[in-house]
Amino acid sequence: MERSGEISPETRRGPVVTARHVVRVARAAADRFGLSWTGLLFGAVYVVVALSPSLLPRTWFYQGLICGICGAAGYGLGVLVAWVSRGVSRLLRLEITVGEEQGHWVRVGWVALLTAGFVWAVVANIRSQEVTASRVHLQPLSPLDWVGVLALTPLVWIALVAAGRGMRHLTLGVEHRAARVLPTTVATVVAVVLVLFVTAWFTDNIVMQRGVQLFGRYSAHLNAQSPEGKSAPRSPLVSGGPGSLEPYGTLGYQGQVFVTQTLTPAQIAAATGAPAKQPIRAFAGMHDDETIEQTADRVVAELHRTHAFDRDVLAVATTTGNGWVNDWSSQSIEYLTGGDCAIAAMQYSYLPSALELLTDRESPRHAGTVLFDKVYAVWATLPEAVRPRLVVGGESLGAYGGLAAFRDVEDMLARAQGGVWSGTPSFSAITEQLYASRTQGSPQISPVIDNGQHIRFSTKNVGLRTDYVGRPLGIWEEPRFVFLQHPSDPVVWWNPALLGSQPDWLREPLGRDVNPDVTWIPFVTFWQLTTDMAVGLNPPYGYGHRYGPEMVPAWGAVLGDDPGKDYSRILAAIERTASRTE
């Protein structure tokens, strides 16, 4: 028996925290906020899964965002599973009785086991993400970055769960009022349908459309700016220059970058060692009061003004929405033709390609079709002996839009004399057709089409002369087309179908620049690649969504050169001058 005023040994040691206390605190917190234990369990699992590696290392912001989204989705799934389980138990009258002491230790054991598994999985995924970073020559997240992830994840999770619970309470309120005049089952269905409809309408018409409009106004403001250190071209053969029908100030930011990057004969001669002509670049910026057809007409008028149809090569380049063209592609054509070329392009949106891809897939297709068809209509009237070689190209959204000009592969081979498409989204109709017709056994990341007779897929120059395992391809006949795609490019592989189905490229052996731990996870992989697209330009050339030096041998092959030719002088020249911004 203790004497009055004495301190017990337990008190001297301080409070003893046991697994029982942890469980009680966790249960009290969950009960206090009305949270589902099953939902929390599923949510934690989904957060761990969201930490799994994908094609590119994510920034702390995007990692926290995707963890929050997946955690909330997992919580919702857990709540649904718990609700269904309770319903089945009541229906079958199943009841499992466990003593209080036994139940306590079951809970403690589960908590300990799940905690250990959670910690192990988190550590394993963080280490695997370091492998992803090394594959594309980037730095992994730092400890401070992971602190940011830990802070952002619960914020996103709480916001989304709160929104979901708000919808649930709203549904119950509507159901309660509807039940006054309708049968209970009918009232429930009416409440669910009505709330879902209102939520969808609000999300689409208020949140999405207003958000896109706001960003569109901001993008239009940026489009009105002029690139620093640039001035109007001095050549009359370039849009925006002397005598041009398109004043320099109307070309938009990316249009001004495009025309000011036109090579001079002196630059071309210095790299090739041969006399050169002044290349032609025709461009028209977007006007709010004009249709895409009218913009394309202005490009064709510039082609006529500059006598572009008299050149040896005429290239139609479909831009990303805001008018961006990969300058490695443009300058490759100019160097390889000795300047005896013309490149036609136009702007059809203010939005950058990622946002345009997510919000409007029709405008790129329409723009690519209209511009090519109008150029082709003039080209087809010329005597066959004096026609220029009509080639096509585009990157990312530009490739998606440019390919839409053709009904199918046969139409592309019939109406164009060659082309280079880089970073093409896999859901483009022609790429889907090519993937489906590839030689059996060739992987989707490097498909072989008719032994390379007209079309070849290339990654860092592999695929121009040999297939994916190094076997020589057959004779490369004209017209020649090259599809440049990196296994680590999220723009190529992003597809809404990822939400519920596993693509071939994740069933087959992965590319050398992809972490071998990458696998398909329902729902999660789609969001991982969505955030990967935001960092697609972070890696160096040859990885992710960065296509540069590969353009030179690709265009060389399309224009008739040997893919193995030494292009070192041209590569060095473009490296010094090419624009890098989209």
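Reader: What makes the lining of the second largest cavity polar, nonpolar or charged by class?

Author: In this predicted model, the lining of the second largest cavity has seven polar, five nonpolar and one charged residues. The cavity has a volume of about 80 Å³. Of the 13 residues that line the second largest cavity, V325, S329, G393, G394 and E395 are the closest to its centre.

Reader: Which elements give two or more residues to that lining?

Author: They are β2 (313–318), β4 (389–395) and β5 (418–422). The strand that gives the most is β4, with three residues.

Reader: How many cavities of 30 Å³ or more does the count come to?

Author: The count comes to eight.

Reader: Which classes make up the lining of the second largest pocket?

Author: That lining divides into 19 nonpolar, eight polar and four charged residues. The pocket has a volume of about 1300 Å³. Its lining consists of 31 residues, and G76, V79, G164, R165 and R168 lie nearest its centre. The elements that give two or more residues to this lining are α4 (60–92), α6 (143–178) and α7 (184–223).

Reader: Why is S36 called buried?

Author: Buried means under 20% relative accessible area. S36 has 17% relative accessibility, so S36 counts as buried. S36 is placed in the loop between α2 (19–32) and α3 (37–50). Not counting residues up to four places away in sequence, S36 touches Y75, V79 and A82.

Reader: Why is P57 called buried?

Author: The relative accessible area of P57 is 11%, and the cut-off is under 20%, so P57 is buried. P57 lies in the loop between α3 and α4. Leaving aside its neighbours within four places in sequence, P57 is in contact with T132, A133, V136, L138 and V535.

Reader: How far apart are P57 and D532 in sequence and in space?

Author: P57 and D532 are 475 residues apart in sequence, and their C-alpha atoms are 7.6 Å apart in space.

Reader: How do you know how many disulfides there are?

Author: A disulfide needs a pair of cysteine sulfur atoms within 2.5 Å. By this rule the count comes to zero. C67 is in no disulfide, and the nearest cysteine sulfur, that of C70, is 7.2 Å away.

Reader: What makes C67 and C70 buried or exposed?

Author: C67 has a relative accessible area of 1%, so C67 is buried under the 20% cut-off. C70 has a relative accessible area of 0%, so C70 is buried as well.

Reader: Which residues have the most contacts inside the largest nonpolar core?

Author: They are V375, F406, M412, W421 and F483, in a core of 102 residues. The largest share of this core, seven residues, comes from helix α13 (residues 362–379). A second, separate core of 15 residues includes Y46, L51, C67 and V524.

Reader: What is F406 in contact with, leaving aside its neighbours within four places in sequence?

Author: F406 is in contact with F372, V392, D411, M412, R415, A416, W421 and I430. Two of these, M412 and W421, are also among the residues with the most contacts inside the largest nonpolar core.

Notes. Residues are numbered from 1 along each chain as its sequence is written. This is a predicted model: local features need pLDDT of at least 70, side-chain atom pairs count only at pLDDT 80 or more; totals for chains, interfaces and linings use all residues. Side-chain values use heavy atoms; hydrogens and water are left out. A nonpolar core is a set of buried Ala, Val, Leu, Ile, Met, Phe, Trp, Tyr and Cys residues joined through side-chain atoms within 4.5 Å. Buried means under 20% relative accessible area, exposed over 50%, partly exposed in between (1.4 Å probe, protein chains only). Helices (H or I, at least four residues) and strands (E, at least two) are DSSP runs, numbered from the N terminus. Contact means heavy atoms within 4.5 Å. On a 1 Å grid over the protein atoms alone, a cavity is a set of points where a 1.4 Å probe fits but cannot get out, and a pocket is an open set with protein on both sides within 12 Å along at least five of seven lines; lining residues have an atom within 4 Å of a point. Grid points are joined across faces, edges and corners, and a volume is the space filled by probe spheres set on the points. Ala, Val, Leu, Ile, Met, Phe, Trp, Tyr, Cys and Pro count as nonpolar, Asp, Glu, Lys and Arg as charged, and the others, Gly among them, as polar.
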